[in-house]
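Hi,

Here is the structure I promised to pass on.

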Amino acid sequence: MAELFENKEVEERVILIGVSTREGDDTESSLAELAELVKTAGAETIGMVIQNREAVHPGTYLGKGKIDEVKWQIWETEATGVVCDDELSPAQLRNLEEALDTKVMDRTMVILDIFASRASTREGKIQVELAQLRFRAARLVGMRNSLSRLGGGIGTRGPGETKLEVDRRLIHQRIGQLKAELEDVKRHREVARQQRTRNQVPVAAIVGYTNAGKSTLLNKLTDAGILAEDKLFATLDPTTRNLKLPSGQQILLTDTVGFIRKLPHHLIEAFKSTLEEAKYSDIILHVVDCSNPWMEMQMYVVYDTLKQLEVQDKVIVTVFNKIDQLPQDVILRDFTSDYQVKISARTGEGLDQLKEVLESILRSQRVYLEKTFSYGDAGRIQTIRRSGQLLSEEYTENGIAVKAYVPAELFHMFFE
């Protein structure tokens with residue numbers, strides 16, 4: 001009787017490496033996050049190594065003694081590779097790989113790999129391939145050995161995987177094509193944004209650290225039906241949905257890609273058109289996982305990324321999410337934002353208060369209008385319903401008496 005063999009891809013088993021350059025830094029928490037990234041990318045973490053040094057070694061990332069220690073650990077655990085917590089230079093990548101005689105990856109390669117497996121729309125795929133090619137163009141020489149060392153696994157997935165070892169000239173040609181395609185997508189996005197501006201519908205951009213609960217919040221508020229998993233970067237492509245507030249006022253909510261510490265600049269560049277949704281929004285909803293022990297660091301990363309994107313002078317609402325996982329007497333504050341709300345997107349707790357905050361913000365940006373419209377001008381009341389807040393309407397002999405809040409920029413049109 002013939003034996004049956006199950007043909008299954010071997011899971012990568014990796015050792016994580018970090019360098020701590022000062023006492024009390026967040027290297028341990030950063031490595032714990034890297035372990036989550038590696039898990040999301042489909043590999044298993046079987047060890048962690050931290051070296052305390054005044055600075056990262058310019059040639060090999062680690063010092064010689066630590067390299068010997070890692071080499072022994074690789075042999076002992078039968079690891080298939082190592083992942084460094086920082087972005088390596090081509091020389092560091094090549095030298096460390098030669099010293100350890102194993103596959104070497106860095107944090108950026110893992111994040112790019114996750115993005116490659118998660119991109120589903122045309123825009124998402126273009127952005128990910130563009131980021132991958134920019135990263136690989138700078139590291140083609142250093143990566144040549146590592147690419148031939150293992151046929152698959154982290155760092156080899158995505159739209160650009162068949163082009164890995166082509167020369168720089170071809171890579172730059174492809175980058176040019178992708179940038180042109182992305183500009184086309186960006187034009188379509190700008191047209192949609194201008195349409196929203198003409199309709200005077202306010203927009204709130206949902207931003208936050210990855211896995212803070214942004215997609216869950218959007219689903220709970222609008223029945224968006226988008227993927228919401230307890231994973232890093234569960235969703236990449238932005239989703240915009242309409243939310244009708246209790247007063248009847250409408251607001252558009254746009255989900256954005258999650259932020260993370262040491263987010264590769266290639267990705268920020270490639271995803272700029274997506275992240276610009278925050279730049280052109282009226283309100284920023286900053287979703288924070290308040291159950292996370294590194295909450296303060298995550299909030300800092302989000303604000304720093306918004307600064308890089310030149311998102312300024314916005315009304316910011318900090319949405320402390322996952323309060324169902326905290327004791328009730330915990331004090332939560334964010335001195336950078338204008339409003340703070342405690343919610344649980346999973347249970348729905350606090351969502352009514354969040355809607356009230358949104359309504360009060362929109363009302364503060366509006367002017368009170370009290371006017372009687374002729375029955376021939378009844379269509380203008382629809383404009384108020386769509387872009388303002390209709391408080392009351394009364395049908396009289398002289399016309400329709402209306403009390404409402406309307407956007408300041410539209411106030412004049414009701415008297416033309």
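Predicted model: local features only at pLDDT ≥ 70, side-chain atom pairs only at ≥ 80, totals over all residues.

Residues are numbered from 1 along each chain as its sequence is written, and side-chain values use heavy atoms, with hydrogens and water left out.

The protein has 12 helices and 13 strands (DSSP runs numbered from the N terminus: H or I of at least four residues for helices, E of at least two for strands). Of its 416 residues, 52% are buried, meaning under 20% relative accessible area with a 1.4 Å probe, protein chains only.

Helix 1 (residues 27-40) and helix 4 (residues 107-118) have axes that come within 9 Å and cross at roughly 35° (axes are lines fitted to C-alpha atoms over the stretch in contact; angles run from 0 to 180 degrees between N-to-C directions). Their contact (heavy atoms within 4.5 Å) involves S30, E33, L34, L37, V38 and T40 of helix 1 with R107, V110, I111, I114 and R118 of helix 4.

Helix 7 (residues 214-222) packs against helix 11 (residues 351-364) at about 85°, with the axes 12 Å apart. That makes helix 7 roughly perpendicular to helix 11 (the term covers 65 to 115 degrees). Here L217, K220 and L221 of helix 7 meet L351, L354 and K355 of helix 11.

Best wishes

Key:
Buried < 20%, exposed > 50% of the residue type's maximum accessible area, 1.4 Å probe, protein only. Parallel < 35°, antiparallel > 145°, perpendicular 65-115°, else oblique.
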